[in-house]
Amino acid sequence: MSPIGNCRTKLKFPLPVPDLRSRGPNNLSRTDNVAFSASGYKDGMTPRTKRILGKSIVVTIIAVVATFGLSFTARIALQMPIDWLSWVECTVIPILIGMPVGAYIFAQSETIQDTCDKLEKSYADLKEAHDRFTFVTSHDPMTGLLSRGEFIARMNRKRDEGECDTLLLIDPDHFSLINDKHGHSKGDETLVRIAKALVIRRAQGTRLAGLAGKSSGSC
């Protein structure tokens, strides 16, 4: 029978639900395996819980060994008998105290570490946003050169510090003809190319800025 013929088979509602309890592990379908995998994932411990439990167990084992050592050493030194109650005390008491206390301390440590990681990430994101904002407010968005206000502010700081700089103004000739003949988009493209050429050819320590329209400054 063709696939089209199979599609014409009428479905009976409600659809039968497979009884997974009556099947062995080898008789499960792929869908059933996916369902069991998802269930096992939900019921499993998270890495955080595993770390807390593992550290608590290690600390508890150390506490049990230390308790045995101290208790038996003291009993031998005082010539006291070592009976079954001594073994129970040295085993049960550290477990009853060490496991809950260790789990609480390590849970708090994990919480603090998670908080520190989130704060670190938030600080990095905030610093990146601040650097982006600083660049946008101090640079021309089209050419990437310093803006007029930032350029003048830096020149004023240099002047107040007593440093002497050379100022070079660049004004392309007949630039308005490009806008009139080819449109403002081509004029903007020309400005970007001029800015790139200046950036490539500039000397180290030279600051470039787009002052207004077609004018550029270099110092």
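This report describes the fold, the aromatic pairs, a nonpolar surface patch and the salt bridges of one predicted protein model.

Because the model is predicted, local features are given where pLDDT is at least 70 and side-chain atom pairs count only at pLDDT 80 or more, while totals for chains, interfaces and linings use all residues. Residues are numbered from 1 along each chain as its sequence is written, and side-chain values use heavy atoms, with hydrogens and water left out.

## Overall fold

The secondary structure of the protein comes to seven helices and three strands, where helices (H or I, at least four residues) and strands (E, at least two) are DSSP runs numbered from the N terminus. Read from the N terminus on, the elements follow the order α-α-α-α-α-β-α-α-β-β. Of the 219 residues of the protein, 17% count as buried; here buried means under 20% relative accessible area, exposed means over 50%, and partly exposed lies in between (1.4 Å probe, protein chains only). The protein exposes about 17300 Å², of which carbon and sulfur atoms supply 63%, the areas coming from the Shrake-Rupley method with a 1.4 Å probe, and for residues only the protein chains shown count as cover. Among the contacts with a separation of 6 or more, 55% are made by residues 24 or more positions apart, a contact being heavy atoms within 4.5 Å.

## Aromatic pairs

The structure holds three aromatic pairs. Rings of Phe, Tyr and Trp (its six-membered ring) pair if their centres lie within 6.5 Å, and planes under 30 degrees apart count as stacked, over 60 as edge-to-face and the rest as tilted. One of the pairs joins Phe-68 and Phe-72 in an edge-to-face arrangement, with 5.3 Å centre to centre and 85 degrees between the planes. Both residues of this pair, Phe-68 and Phe-72, lie in helix 3 (residues 47-77), four residues apart, which is about one turn of the helix, and both are buried.

Phe-68 also pairs with Trp-87, and this pair is tilted, at 5.3 Å centre to centre and 55 degrees between the planes. Phe-68 lies in helix 3 and Trp-87 in helix 4 (residues 84-138), so the pair ties together parts that are 19 residues apart in sequence. Phe-68 counts as buried at 17% relative accessibility, whereas Trp-87 is partly exposed, with a relative accessible area of 46%.

A nonpolar surface patch of about 1000 Å² is made by residues including Trp-84, Leu-85, Ile-93 and Tyr-104. Patches are made of residues with over 30% relative accessible area and no salt bridge, like charges being joined within 9 Å and nonpolar side chains (Val, Leu, Ile, Met, Phe, Trp, Tyr) within 5 Å. Ile-93 lies in helix 4 and is partly exposed, with a relative accessible area of 45%.

Ser-138, also found in helix 4, counts as buried at 7% relative accessibility. Leaving aside its neighbours within four places in sequence, Ser-138 is in contact with Leu-145, Leu-146, Ser-147 and Glu-150.

Ile-57 lies in helix 3 and counts as partly exposed at 39% relative accessibility. The C-alpha atoms of Ile-57 and Ala-103 are separated by 8.8 Å, although these residues stand 46 residues apart along the chain.

## Salt bridges

The structure holds eleven salt bridges, a salt bridge being a side-chain nitrogen of Lys or Arg within 4 Å of a carboxyl oxygen of Asp or Glu. Among them are the following.

| Salt bridge | N to O distance |
|---|---|
| Asp-114 and Arg-48 | 3.6 Å |
| Lys-121 and Asp-125 | 3.1 Å |
| Lys-127 and Asp-131 | 3.3 Å |

The salt bridge of Asp-114 and Arg-48 links distant parts of the chain, with Asp-114 in helix 4 and Arg-48 in helix 3, 66 residues apart. Asp-114 counts as partly exposed at 29% relative accessibility, and Arg-48 is partly exposed with a relative accessible area of 29%.

Lys-121 and Asp-125 are four residues apart in helix 4 and therefore separated by about one helical turn; Lys-121 is exposed, with a relative accessible area of 54%, while Asp-125 is partly exposed at 37%. Lys-127 and Asp-131 likewise both lie in helix 4, four residues apart, about one turn of the helix, and Lys-127 counts as partly exposed at 43% relative accessibility, as does Asp-131 at 40%. Elsewhere, salt bridges that share partners join Arg-51, Lys-55 and Glu-110 into one network.
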